Amino acid sequence: MEKVKRTSVCEMNIQGVTGHLPNSKNDIPLNINVSYMCPKTCGVRKECLCTDSTGTIETPSRFHPKRECSWARDWSAKKLEDFCDESKEPHFARACAITCGISTCAGHESTHSIYLYGNQTKRAISTSCRQIKNSNSTEYMDFMCPQMDYTKNVYTYELCPVTCKAYIPSQVPSDQPSKLDQPSKMPSDLPSKMPSTSAPMTSSPSTSVPT
């Protein structure tokens, strides 16, 4: 759906099936519009919109009718711009907000868990933007911020652009030691939470995918 049409639909009230939902025990509004029921599609809740899908995305007009956000990491700037044009590929552009650099998401800190690999044992570990921020540990940030979330194939500093601002490559001062150099050992305060899926033994997913 075109952006203008989607905006119009998202502002419409839903009639007939939601009248029983509002009550004194919740904060559901009396007049529920489409954006309330479809926050990701309508883009009103950044925690829903501002992430990259880990599943396959329909691209029916292309040679490969299904793709993944992570495939775009090796694409040329021109090809990425083409796929991130919502008028051409609305599904891909909306599902890959981080990879496409949607302006609405600028400065948004992900509220989802971030899954990483340890740089020695390759064991899977998890963290979050809030956990990194609250660690108050340079050692912890030095390890976590430059790492890649293997479920999305995007870097932690892309998911936590405020907390990890100093680690974004373009913002590392040229006259200062780069913080992108990996630490020689694991920080002592790694999170104990483990992702539920078993991690492969490589440092990042394979990028040898069709283009």
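Predicted model: local features only at pLDDT ≥ 70, side-chain atom pairs only at ≥ 80, totals over all residues.
Residues are numbered from 1 along each chain as its sequence is written, and side-chain values use heavy atoms, with hydrogens and water left out.

**View 1. Strands E3 and E4 side by side.** Strands (E, at least two residues) and helices (H or I, at least four) are DSSP runs, numbered from the N terminus. Strand E3 (residues 114-117) pairs with E4 in the antiparallel sense over four bridges; pairing requires that DSSP finds at least two bridges between two strands. Look for Tyr-117, whose bridge partner in E4 is Ala-124.

In a regular strand, side chains alternate between the two faces of the sheet. Strand E4 (residues 124-127) is covered on both faces: Ala-124 and Ser-126 are buried on one side, and Ile-125 and Thr-127 are buried on the other. Buried means under 20% relative accessible area, exposed over 50%, and partly exposed in between (1.4 Å probe, protein chains only).

**View 2. Ser-53 in its loop.** Find Ser-53 between helix H4 (46-49) and strand E1 (57-58). Its relative accessible area is 29%, so Ser-53 is partly exposed. Not counting residues up to four places away in sequence, Ser-53 touches Cys-69 and Ala-95; contact means heavy atoms within 4.5 Å. The C-alpha atoms of Ser-53 and Lys-152 are 7.1 Å apart, although 99 residues separate the two along the chain.

**View 3. His-108 and its contacts.** His-108 sits in the loop between helix H7 (97-100) and E3. His-108 counts as buried because its relative accessibility is 17%. Leaving aside neighbours within four places in sequence, the contacts of His-108 are Lys-46, Glu-47, Cys-50, Leu-159 and Pro-161.
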